[in-house]
Amino acid sequence: MSHPMLTVSDLEVRFSLTQSKKWPWSIPSVVHAVNGVSFTLERGKTLGIVGESGCGKSTLVRAIAGLVKPASGVVTLDGEEIDYHATADLARLRRTVQMIFQDPVASLNPRMTVLEIVSEPISVFFPELSKDERNLKAQAMLDRVGIPRRNMNRYPHEFSGGQCQRIGIARALAAEPQVLLCDEPVSALDVSIQAQVVNLLKELQDDMGLTLVFVAHDLGVVRHISDDILVMYLGGMMERAPASDLVLAPRHPYTKALLSAVPVPDPNAKLTPEILDGDLPSPIALPTGCLFQSRCPSRIDRCAAQRPDLTQDGDRFKACFVAPT
């Protein structure tokens, strides 16, 4: 029986702000970074995650990768639940799940050559290989992402941002993972370079059967690479749907507001972005009821008193009392 590659159930992440304590005996403030997010991702598919800055997108993928410990919830990888406190489970997680980070230059060790950077995970996960075998494997991976062999003894500062991101992709894939978590991998790159990196990820996914979680602000980029899109707000899941359905017929008011702000490459188009009321609430003091109710243009009295459950309609999910079915 085949299992989904990745299943996340009611995942929550909290951060305690000890510096907020006025007195040694006072209770520190708590940041509610991720609030009960759930999804299932099939093998070889891509889930795009979008939302405003500070909505918990990056924290979610870092929690899945074990870089941040979840406060509660369950992550199941290929049918087996991950215990983030067990050394054996973490070792399997590191081998199966790899990350690509937002800042391509800062994510690379400036004192290591490109060949050494890509060879390092090979030496960790394939200790039986000799140094020459590790180097050949690293060279093959760098070839695959478009870094010429003549540049393999150079250092990260000698490359452009787009080239550094290709090196970061090669380093992640050197471990031969099954899941690739992409934390805004193109946000620091020029538009033309963004397209090259996204197309490279799609090619690698097809060739290697990778399962991707792709975090980004740009809905155009997310729609291009994703099978499904998950919309987050204030750490919670607002809507999830197939990419084309969500973009063409959004149901949640927050999704509609995000889409209305997407630039259209047509100088004659009349854009009327939907302006949301107020500011993003603090994740330290979450609003009662629906997380989005304080800014929602369609809110009703029930929204302020009760938090909506995540409901399913076919292959679409939404957490909203007023969204159409």
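Predicted model: local features only at pLDDT ≥ 70, side-chain atom pairs only at ≥ 80, totals over all residues.
**Entry 1: helices α3 and α4**

I began with a pair of helices. Two packed helices are described by the angle between their axes and the distance between the axes. I looked up both values for helix α3, residues 114-125, and helix α4, residues 131-145. The angle is about 115 degrees, and the axes are 9 Å apart. I noted the crossing of α3 past α4 as right-handed.

Next I listed who makes the contact. From α3 I wrote down V114, L115, V118, S119, I122 and S123. From α4 the list is R134, N135, K137, A138, Q139, M141 and L142. Sorted by class, the contact of α3 with α4 has seven nonpolar, four polar and two charged residues.

**Entry 2: D143**

I stayed on helix α4 and picked D143, which is found there.

I then checked its surroundings. Leaving out residues up to four places away in sequence, D143 touches R149 and M152. I also looked up D143 and A170, which are 27 residues apart in sequence. Their C-alpha atoms are 9.0 Å apart in space.

**Entry 3: N151**

I moved on to the loop between α4 and α5, where N151 lies. The relative accessible area of N151 is 8%, so N151 is buried; the cut-off is under 20%. Which residues does N151 touch, not counting those up to four places away in sequence? I found V114 and F159. V114 was already in my notes as one of the α3 residues in the contact with α4.

**Entry 4: two residues with positive phi**

I looked up E184, in the loop between β7 (179-183) and α6 (191-208). E184 has a positive phi of about 50 degrees, although it is not a glycine. With a relative accessible area of 6%, E184 is buried.

L234 is my other case, in the loop between β9 (228-233) and β10. Its phi is positive too, at about 55 degrees, and L234 is not a glycine. L234 counts as buried because its relative accessibility is 2%.

**Entry 5: the largest pocket**

I noted a volume of about 390 Å³ for the largest pocket. It is lined by 20 residues, and the closest to its centre are N35, G36, M237, P308 and L310. Which strand gives the largest share of the lining? That is β2, with five residues. Strands β1 (6-17), β2 (29-41) and β10 (236-242) each supply at least two lining residues. By class I wrote down nine nonpolar, five polar and six charged residues.

**Entry 6: the two cavities**

How many cavities of 30 Å³ or more does a search of the whole structure find? It finds two.

The largest cavity has a volume of about 60 Å³. Its lining is H252, C290, F292, Q293, C296, R299, C303, P308, C320 and F321. I count P308 here as well as among the residues closest to the centre of the largest pocket. The lining of the largest cavity has seven nonpolar, two polar and one charged residues.

The second largest cavity has a volume of about 30 Å³. E239, R251, T311, D313, R316, F317 and K318 line it.

Notes. Residues numbered from 1 in each chain as written. Heavy atoms only, no water. Axes fitted to C-alpha atoms, helices over the stretch in contact; angles between N-to-C directions. Helix = DSSP H or I, 4+ residues; strand = E, 2+ residues; numbered from the N terminus. Left-handed = near helix turned anticlockwise from the far one by under 90°. Contact = heavy atoms within 4.5 Å. Nonpolar A, V, L, I, M, F, W, Y, C, P; charged D, E, K, R; others polar. 1 Å grid on protein atoms, 1.4 Å probe; cavity = no way out; pocket = protein on both sides within 12 Å on 5 of 7 lines; lining within 4 Å. Points joined across faces, edges and corners; volume = space filled by probe spheres on them. Buried < 20%, exposed > 50% of the residue type's maximum accessible area, 1.4 Å probe, protein only.
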